[in-house]
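The structure under discussion is shown below.

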Amino acid sequence: MADTIKYLLSEEQMPKDWYNLAADLPVPLPAVLHPGTMQPVGPDDLAPLFPMSLIAQEVSTERYIEIPEPVQEVFRQWRPSPLFRARRLEKALGTPARIYYKYEGVSPAGSHKPNTAIPQAFYNREAGIRKLTTETGAGQWGTSLSFAGSLFGIEVQVFQVRVSYNQKPYRRAVMETYGAQCVASPSELTQSGRAILAQNPNHPGSLGIAISEAVELAAQREDTKYALGSVLNHVLLHQTIIGQEAIAQLAMAGDDPDVIVGCTGGGSNFAGIAFPFLGLQLRGGRKRRVVAVEPAACPSLTRGKYAYDFGDTAHLTPLTKMHTLGSTFTPPGFHAGGLRYHGMAPMVSHLKELGLIEATAYHQTACFEAGVAFARAEGIVPAPEANHAVKGAIEEALRCKREGKSEVILFNLCGHGHFDMQAYTDYFAGKLQDLNYDEAELAMALSGLPSVPA
Ligand SMILES: Cc1ncc(COP(=O)(O)O)c(C=O)c1O
């Protein structure tokens with residue numbers, strides 16, 4: 001029989017529940033704090049921003065949470081997503097490793113982001129909300145929420161980080177096609193944006209600033225709420241459909257991963273592929289290596305401090321304990337806009353502290369080199385963010401080659417790069433630089449971390 005390339009599940013085999021890692025954590029997550037009182041926040045503190053159904057998911061410790069049928073119905077358009085065996089890449093690398101990748105670029109937006117945009121829009125619609133505000137870095141999340149808003153009749157206002165807004169005009173065009181409004185952040189629409197522009201009219205923007213703008217607008221109106229594309233527990237929860245499918249697909253292949261690799265911006269696609277496997281381990285299953293790959297120019301997990309910090313630059317959010325570079329840190333304008341976030345999901349940070357995951361960082365040219373090698377073998381052009389996972393997986397495969405080991409490597413190919421071709425053009429023209437963050441700025445941002453009583 002010919003070698004199998006892709007492992008497909010039927011629509012009926014799509015998971016019906018999300019998996020909640022909080023149910024299996026050996027140590028619970030540190031509390032989220034109110035910055036005024038330094039006391040744990042309650043549901044009422046979050047209510048101006050999120051509907052109660054999502055707040056309930058945020059704090060839930062139930063192991064499984066049912067995916068509502070209307071959400072499943074939308075998912076069935078592209079889910080279950082395929083799992084591929086990267087046979088040609090294995091051959092090109094000359095590795096004895098078996099490499100698998102879960103491909104999330106088959107969604108309408110081109111990444112994993114609709115996995116949470118659809119349920120977030122659904123729950124907001126159920127709560128009678130008419131408008132959602134959000135940030136976007138790469139444009140993938142803004143596109144996904146715009147798509148979800150169009151399906152559920154919700155107006156969407158997107159603040160796109162200025163550097164990415166300028167790099168990718170067609171992302172805005174897609175958001176507008178879905179009926180959303182997209183402005184460059186920092187913008188004149190909010191107090192937070194105006195304050196930053198007053199200091200620097202050419203500010204490149206950051207996810208922290210775009211979050212401040214979106215939160216500020218949402219908090220002003222009863223019929224408007226805020227949607228976040230990563231970081232929060234409920235967002236990570238929604239992404240676990242990826243890893244649950246992968247478990248079933250690898251069982252079809254008769255393999256079990258030794259190493260799981262994902263890129264990390266705020267942590268959601270990484271959580272999506274890794275948490276269901278970590279859950280098996282925490283319930284007594286075998287231990288696997290789980291590797292988070294982040295950009296060397298914005299290395300929250302590998303260089304950040306594990307401390308309480310704000311999720312945004314203007315300090316409108318509660319305080320969460322996470323790996324952070326400081327909420328005022330502005331990363332250089334490298335091409336993986338979705339990875340330019342100063343913090344990391346509290347749940348992913350917690351796992352790093354518990355020694356359950358590893359983290360590594362690479363510069364962008366090495367990641368593009370890996371992405372091009374992948375595209376030339378497998379045909380799919382990865383998003384610049386996903387190139388970090390490709391790089392991580394290739395490094396693991398080359399290690400296997402050196403050590404003569406035929407380990408099984410699974411990575412999340414979280415999105416395609418069809419709107420990111422300027423980045424590839426710059427790479428081929430030799431214009432991509434390995435930008436370093438400013439050490440003095442990092443030190444300053446870290447010195448401004450809020451002091452929280454022990
Ligand atoms: C394709 C892609 N991958 C990864 C990310 C990073 O987010 P996360 O770490 O939440 O998956 C983004 C964010 O915009 C993205 O667009």
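## A buried glutamate without a partner

In this predicted model, Glu213 is buried but takes part in no salt bridge. The nearest side chain of opposite charge belongs to Arg162, at a distance of 7.2 Å.

Glu213 is part of helix α10, which spans residues 207-219. When residues up to four places away in sequence are set aside, the residues that Glu213 touches are Phe159, Ser185, Pro186, Ser187, Thr190, Ser192 and Gly193.

## The ligand and its surroundings

The ligand is surrounded by 17 residues. The closest of them are Ser230, Gly265, Gly267, Ser268 and Asn269.

A backbone N or O atom of Gly265 is 2.7 Å from a ligand oxygen, and a backbone N or O atom of Gly267 is 2.8 Å from a ligand oxygen. His112 contributes through its side chain, in which an N or O atom lies 2.9 Å from an oxygen atom of the ligand. The ligand taken alone exposes 390 Å², and the protein buries 98% of that area.

## Thr224 in strand β9

Strand β9 covers residues 224-226 and includes Thr224. How accessible is Thr224? Its relative accessibility is 2%, and Thr224 therefore counts as buried.

The side chain of Thr224 forms a polar contact of 2.9 Å with the side chain of Asp223. Beyond the neighbours within four places in sequence, Thr224 is in contact with Pro48, Ile129, Lys131, Thr133 and Ala218.

Side chains of opposite charge can pair when their charged atoms come close. Across the whole structure, a search finds 26 salt bridges. One of them joins the side chains of Lys168 and Asp420, with an N to O distance of 2.7 Å. Lys168 sits in the loop between α7 (162-167) and α8 (169-177), and Asp420 in the loop between β15 (408-413) and α18 (421-428), so this pair ties together parts that are 252 residues apart in sequence. Lys168 is buried because its relative accessible area is 4%, and Asp420, with a relative accessible area of 5%, is buried as well.

A salt bridge also connects the side chains of Arg286 and Asp256, at 2.8 Å from N to O. This pair links distant parts of the chain, 30 residues apart: Arg286 lies in the loop between α13 (268-282) and β11 (289-295), and Asp256 in the loop between α12 (241-253) and β10 (259-263). Arg286 has a relative accessible area of 35% and is thus partly exposed; Asp256, at 30% relative accessibility, also counts as partly exposed.

## A network of charged residues

Which residues are linked in a network of salt bridges? The network consists of Arg289, Glu358, Glu396, Arg399, Glu403, Lys405 and Glu407.

Within this group, the side chains of Glu403 and Lys405 meet in a salt bridge with an N to O distance of 3.2 Å. Glu403 counts as partly exposed at 41% relative accessibility, and Lys405 counts as partly exposed at 37%.

Key:
Residues numbered from 1 in each chain as written. Predicted model: local features only at pLDDT ≥ 70, side-chain atom pairs only at ≥ 80, totals over all residues. Heavy atoms only, no water. Helix = DSSP H or I, 4+ residues; strand = E, 2+ residues; numbered from the N terminus. Buried < 20%, exposed > 50% of the residue type's maximum accessible area, 1.4 Å probe, protein only. Lys, Arg positive; Asp, Glu negative; His and termini not counted. Salt bridge = Lys/Arg side-chain N within 4 Å of Asp/Glu carboxyl O. Contact = heavy atoms within 4.5 Å. Near = heavy atom within 4 Å. Polar contact = N/O pair within 3.5 Å; in protein donor to acceptor, adjacent residues only side chain to side chain. Areas by Shrake-Rupley, 256 points an atom, 1.4 Å probe, with all protein chains shown as cover.
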